[in-house]
Amino acid sequence: MSWNNILLEKEENIAVLTINRPKVLNALNAETLREIDEAVEQLGNDEGVRVIIITGAGDKAFVAGADIAFMQALKPLEARKFSRLGQKVFSKIENLPQPVIAAINGFALGGGCELAMACDIRVASDKAKLGQPEVSLGIIPGFGGTQRLARLVNLGWAKEIILTADMYDAETAQRIGLVNHVVPADQLMEFCKGMAKRIASRGPVAVQLSKEAVNEGLEMDLEKALAHEADVFGVVFATEDREEGISAFLNKKKPEFKGK
Ligand code: CO8
């Protein structure tokens, strides 16, 4: 499938989804969100893909936010629809069976920071800048930012980031837990692909079910979440991968997982 605003490449079992509107710093309009939605749907059904990396085209931006020019003409109900579209697409990313790594290669602002937060793991280049500048435009984060940020960093930081509209460098973002790693810009993709390969080498069913258990457990109280974990633990024991992984360890061999 070919798209106007995104690129999708696959290298063995790793897919790289690139937001490709560098002239507007990869800002998200409705068409771009719909294309991401289609690509994510396709990736979620692709058993050959074990890990997904999301990044931005060019060397300046991951995604500089929702497209401000596109938003200018929106009427209230259209703005609501646009917000719901972004939320739906980002939730689809969060709930993809495969792990998703955000390779934050530059500005990740507003909708861009929200896109990164919908990914499972965030790695930033040392040139990246992150923030939620919406209130400086007289609007609020509308693609999940008021919710995911408060769940990811502590409440005080979430409120400061949203209320000040300040931009933060990658080191600060790492210190507060908004990104996991900061790496030199020219090593960002290599670093993310290395991590993706390590994840892809693990038991694929176990990787997917542990992602699911973490996500689903967050919506439950601890007792129910622990019971859910035990159920999923039992399910994993029905897989060939479990037999392969455990016998390979005991026989001092490298496991050859089949994702079954
Ligand atoms: N939307 C549209 N165009 C953009 C955006 C954007 N978010 N960001 C940058 N661009 C465009 C610029 O207009 C410029 O275009 P042109 O060359 O035609 O003038 C081009 O990209 C390059 O940008 P700059 O010249 O501004 O580059 P600088 O290096 O000087 O500055 C910045 C980079 C600091 C990133 C600056 O571009 C900036 O502040 N951008 C806006 C950042 C922002 O406010 N993002 C948040 C947007 S709001 C949002 O994301 C809400 C999400 C929820 C929506 C809910 C639905 C209603």
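## Backbone contacts with the ligand

A backbone N or O atom of Ala66 lies 2.8 Å from an oxygen atom of the ligand. This is a predicted model, in which local features need pLDDT of at least 70 and side-chain atom pairs count only at pLDDT 80 or more, while totals for chains, interfaces and linings use all residues. Residues are numbered from 1 along each chain as its sequence is written, and side-chain values use heavy atoms, with hydrogens and water left out.

Taken alone, the ligand exposes 1100 Å², of which the protein buries 64%. Accessible areas come from the Shrake-Rupley method with a 1.4 Å probe, and for residues only the protein chains shown count as cover.

## The shell around the ligand

Helices (H or I, at least four residues) and strands (E, at least two) are DSSP runs numbered from the N terminus.

Ala66 itself is placed in the loop between strand S4 (61-63) and H2. Its relative accessibility is 13%, so Ala66 counts as buried; buried means under 20% relative accessible area, exposed over 50%, and partly exposed in between (1.4 Å probe, protein chains only). The C-alpha atoms of Ala66 and Phe143 are separated by 8.9 Å, although the two residues are 77 positions apart along the chain.

## Salt bridges

The structure holds nine salt bridges, each a side-chain nitrogen of Lys or Arg within 4 Å of a carboxyl oxygen of Asp or Glu. In one of them, Asp46 pairs with Lys10, with the closest N and O atoms 2.9 Å apart. Because Asp46 lies in the loop between helix H1 (30-44) and strand S3 (51-56) and Lys10 in strand S1 (residues 6-11), the pair ties together parts that are 36 residues apart in sequence. Asp46 is partly exposed at 22% relative accessibility, as is Lys10 at 44%.

Lys88 and Asp37 meet through their side chains in a salt bridge of 3.4 Å, N to O. This pair links distant parts of the chain, with Lys88 in helix H3 and Asp37 in helix H1, 51 residues apart. Lys88 is partly exposed at 46%, whereas Asp37 is buried, with a relative accessible area of 12%. Both residues belong to a network of salt bridges that links Asp37, Glu41, Lys88 and Lys92.

A further salt bridge joins the side chains of Asp120 and Lys211 (2.9 Å, N to O). Here Asp120 lies in the loop between H4 and strand S7 (121-125) and Lys211 in helix H9 (residues 204-217), so that the pair links distant parts of the chain, 91 residues apart. Asp120 is partly exposed, with a relative accessible area of 25%; Lys211 is buried at 10%.

## Nonpolar surface patch

Phe233, Phe237, Ile246, Phe249 and Leu250 form a nonpolar patch on the surface, with about 590 Å² of accessible area together. Patches are made of residues with over 30% relative accessible area and no salt bridge, like charges being joined within 9 Å and nonpolar side chains (Val, Leu, Ile, Met, Phe, Trp, Tyr) within 5 Å. Helix H11 (residues 240-250) contributes the largest share of the patch, three residues. Phe237 lies in the loop between helix H10 (222-236) and H11, and its relative accessibility of 38% makes it partly exposed.

Methods. A polar contact is a pair of N or O atoms within 3.5 Å; within protein, one must be able to donate a hydrogen and the other to accept it, and residues adjacent in sequence count only if both atoms are side-chain atoms.
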